[in-house]
Amino acid sequence: MGAGHLTRLEGEMNTCIRCAYCFEKCPVFNERGWDSDGARGKVILSYGLLTGQLKPSKYVADKMFRCTCCRDCIERCPSNVNVIDIVSSARADLVASGFAGETHKQVVENIKKTGNIYGDAEVVSPLKEGETPLFLGCQYLSRPNKTKKYIAILEKLGIHPEVQKEVCCGFPMEILGFKAEFESHKEKFSQFFPHKGAIALCPTCTVFLKEGYGLDAKHVLQVISEKIPEAKLGLKVTYHDPCDFSRGLKIIDEPRKILKKLGVEIVEMKDSKVQSACCGGGGGILMSDPSLSDRIAKNRIRQAIETGADTLITSCPTCEQVLKKAATDVGGSEGKNIAVRNIEDIIWMGVK
Amino acid sequence: MKSDIGMLKAIVGESDVSDELADLYVYSSDASVHQALPSVVVRPKTIEEVQQVMRYANGNRVPVIARGAGSGMSGHAVPIDGGIVLDMKRMNRILEIKPEDILCKVEVGVVNDELNRVLKPYGFFFPPTPSSGNICTIGGMIGTNASGNRAVKYGATRDSVLGLKVVLANGDLVKLGSNTRTDASGYQLARLMVGSEGTLGIVVEATLLLSPLPKYRAMGIANFDKLEDAGRAISDIISTGITPSMLELMDSVAITAVNRALNLGLPDVAAIVIFECDGMVKESVGHDIANIRKTCERHNGSGITVSDDPKEMARIYEGRKKLFPSLSRYGEGLVSTPLADDMAVPMSKIADCVQEIHKVAKRNNVIMSAYGHCGSGLIHTKIMMDPTKESQWEDAKRAVTEIYEYVYKIGGTTSGEHGIALSKAPSWKVEKKDSLEMMRAIKRALDPHNILNPHKLMDAPDDWTKATALRYNVRRG
Ligand SMILES: Cc1cc2nc3c(=O)[nH]c(=O)nc-3n(C[C@H](O)[C@H](O)[C@H](O)COP(=O)(O)OP(=O)(O)OC[C@H]3O[C@@H](n4cnc5c(N)ncnc54)[C@H](O)[C@@H]3O)c2cc1C
Ligand code: SF4
Ligand code: SF4
């Protein structure tokens, strides 16, 4: 048996009536097709771990780590079962039993050593005095040009962000099942980031600052949407709602409002807004099962191509990264092309 | 069995067979309270593969349990004797849509709502509308003769199945039924397969009768301070000759549950009746809705609202579809169990039956909700209980027995929708005592070695709480 992280969730797992409603759009189930790959399967496997009917094993761990944490199951579940809480707790028990993946261990070590997921001490914040605390997160720390662009946009709109030296929010530790490591990282994070509220650049960090630390965090697009001026960019795009955005933060209208104000026409994909299909980049599968991640991303790109738009816009750096690769792959193998861009590029075009 | 895994892999391919305990564990349960491990899970893609698996299983006397989404609520797909679980979801092609013949041909792994999505541009739909339509397969619907809230107008799955291709226990492939709307002669074998819960053959293809999509639809809700008034209104509506496309009852427990879980904002009353009419002519829909409204008013229905706004109708419809799962949030520590959950009673007895259900629940320390497609005389109940307490299972067992005794006394039947399998079998065998031997003879004729979903229906154990392990971690006390 693991370290007992699942114990407090017995009632939650009993609440699952095993209706399978969460099959419908689970990206992992749709790709792999075994009942044990879907959200219901993960709840059942977790129950087995809790009761001891299943022993922790590599096979169970592989199943449990094949989850993009896209929250689609939670959104669909009529019993409001918090599948991600269950999955991350099952992962924690599996990790405690010695079934952590090597790539995941490495990420956690990196955070411990350098404060960022890359293990690169050279990745540092572009320090800046200002009025409003801005949290960049590892993804933006490692993409200084994008970060500068967001900072410039905020300045143009009269918001003066303050950037300090920061460490990872610790979400990877929590979601990959390294709960003990996260508990000690939490203190470190709070020393580096002692604020009660912040603007954050990454959707996942924004959710986690709220849920993991109880901070009054806003995503940068929420702030921008209130101040965006009109422009006439004349583009026609499709917009991919990142899971942490449309389901985690329930931010659906803001990016659309921004694009509309900038004179960008949006053609919606079949699965959009709260029902947005996952990009395949979350939950750690990009590291542990890149080929599954690729397949999920390609499915999304195919949906985007079906709209007839020539550009897909998203507002999450991870989505951007995996969808860009998928777009290149689909372009190469199926001869259908679509460009993938992050929304900050478009906003910058409109406000610069 | 172990040594034969290689044989099964040779038939369907290495990656579509698993005897890993983790997979077996997941396939050991469905949406019921039961749990039993299979020996192996096999996922065929073609009819030939199904035939080969059946030849192997028949020769080696290995049980085979067909499984779709595993959303059955009475242990239908739970492999009580182990054996092969045949996951049919990979056989999911829509083979033909023939608008001119008002039919389509599908493989059985096709999901109900996906079929309807594809049919929509043709102006047709496959009318049985189970709440689980977003995930349940055509094979599972055939297995259980599924129906739903629109059954009052459009009937159950059996009414829309014209023909079937079935792999028999010995691996032979047979065509049953026809491609035509009428087929009068001989034994109705396709119809026999529908509702046979995987005990007579593995259905691999189905020819389905479609219905034209109605152009107009309107929905209303009426509130009732007394349950019996709601019950009388329902039976009156049906007896006036109107055929609503939906006529649903929700009692106060159900109302509280959906409001809590889904924020539907339904009024806090003893019962509500949800009604819907559809058709090709707007005036005719309006006329029927007005008549239903008047009937509800006559029976003290109040606060009646009617809408033809698709968004508002979808909000209510979705809420209704999620009622059963949302009951799991009714109270701390209580979960919703599908026991004695879909009896059908004569129209005039709906109100009495709902009241009796609450009395039985009280007597037996459980909470029960009552709701359902009452326009078809169908009442859904769920028992809300603490599944970790052994004593609650004894309470539930008594409640189930008492409810069915009452249902039979008033001329009702065990299951109007979800089927029998394990949980309902003990009472059902009492109700159907005159048919049991005939059913066993049919089963013996088609499946002499008893390998197809054995020990279900007429052959199920007499104590459902002990038929298999319960899927909950039950403690003494
Ligand atoms: C939340 C919820 C709501 C529901 N609402 C409704 C409702 O409104 N109406 C309703 O009727 N039911 C309802 N159900 C019950 C269930 O969804 C239906 O019975 C459904 O049709 C089962 O389909 P499935 O694919 O899940 O089949 P499974 O549960 O996998 O199988 C059901 C039975 O069919 C047999 N079977 C499956 N495939 C085949 C095949 N190819 N050949 C032969 N036998 C086969 C199985 O052996 C089993 O006996 C609901 C269930 C849930 C959990
Ligand atoms: S997690 Fe929710 S949607 Fe999924 S099977 Fe359980 S109750 Fe149903
Ligand atoms: S979070 Fe997404 S990938 Fe994970 S189980 Fe739920 S639907 Fe599937």
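Leaving aside its neighbours within four places in sequence, Ala257(B) touches Ser326(B), Leu327(B) and Tyr330(B), where contact means heavy atoms within 4.5 Å. Ala257(B) belongs to helix α9 of chain B, which spans residues 252-262; helices (H or I, at least four residues) and strands (E, at least two) are DSSP runs numbered from the N terminus. Ala257(B) is buried, with a relative accessible area of 0%, on a scale where buried means under 20% relative accessible area, exposed over 50% and partly exposed in between, using a 1.4 Å probe and protein chains only. Lys433(B) lies 176 residues away from Ala257(B) along the chain, and the C-alpha atoms of these two residues are separated by 37 Å.

The model is a predicted one, in which local features need pLDDT of at least 70 and side-chain atom pairs count only at pLDDT 80 or more, whereas totals for chains, interfaces and linings use all residues. Residues are numbered from 1 along each chain as its sequence is written, chains are lettered from A and ligands numbered from 1 in the order in which they are written, and side-chain values use heavy atoms, with hydrogens and water left out.

Also in chain B, strand β19 (residues 367-372) has 5 of its 6 residues buried, so this strand is largely enclosed by the rest of the structure. Its pairings are set out below, two strands being taken to pair if DSSP finds at least two bridges between them.

| Strands | Bridges | Direction |
|---|---|---|
| β14(B), residues 246-251, with β19(B) | 2 bridges | antiparallel |
| β19(B) with β20(B), residues 378-385 | 5 bridges | antiparallel |

Within these pairings, Tyr371(B) of β19(B) stands opposite Met250(B), and Tyr371(B) also stands opposite His380(B) in β20(B). The hairpin of β19(B) and β20(B) has 5 residues between the strands, and Gly377(B) takes a positive phi near 75° in it.

Chain A contains an open sheet of 4 strands in the order β6-β5-β7-β8, with parallel pairing. Its edge strands, each of which pairs on one side only, are β6 (264-266) and β8 (339-342) of chain A. On average, neighbouring strands of this sheet are turned by 40° against each other, direction ignored. Helix α15 (residues 253-261) of chain A packs on the sheet, where it touches β5 and β6 of chain A, and its direction makes about 135° with that of β6(A); axes are lines fitted to C-alpha atoms, for helices over the stretch in contact, and angles run from 0 to 180 degrees between N-to-C directions. Strand β5 (residues 235-240) of chain A is joined to β6(A) by 3 bridges, the two running parallel, and Lys236(A) has Glu265(A) as its bridge partner in β6(A).

Between the two chains, 36 residues of chain A are in contact with 45 residues of chain B. Chain A and chain B bury about 3300 Å² between them, 55% of it on carbon and sulfur atoms, buried area being the accessible area (1.4 Å probe) that two parts lose on being put together, summed over both. In chain A, the residues that lose the most area to chain B are Ile17(A), Tyr21(A) and Trp34(A), together 23% of what that side buries. The count between the chains is 5 salt bridges, each a side-chain nitrogen of Lys or Arg within 4 Å of a carboxyl oxygen of Asp or Glu. Asp35(A) forms a salt bridge with Lys89(B), with the closest N and O atoms 2.6 Å apart.
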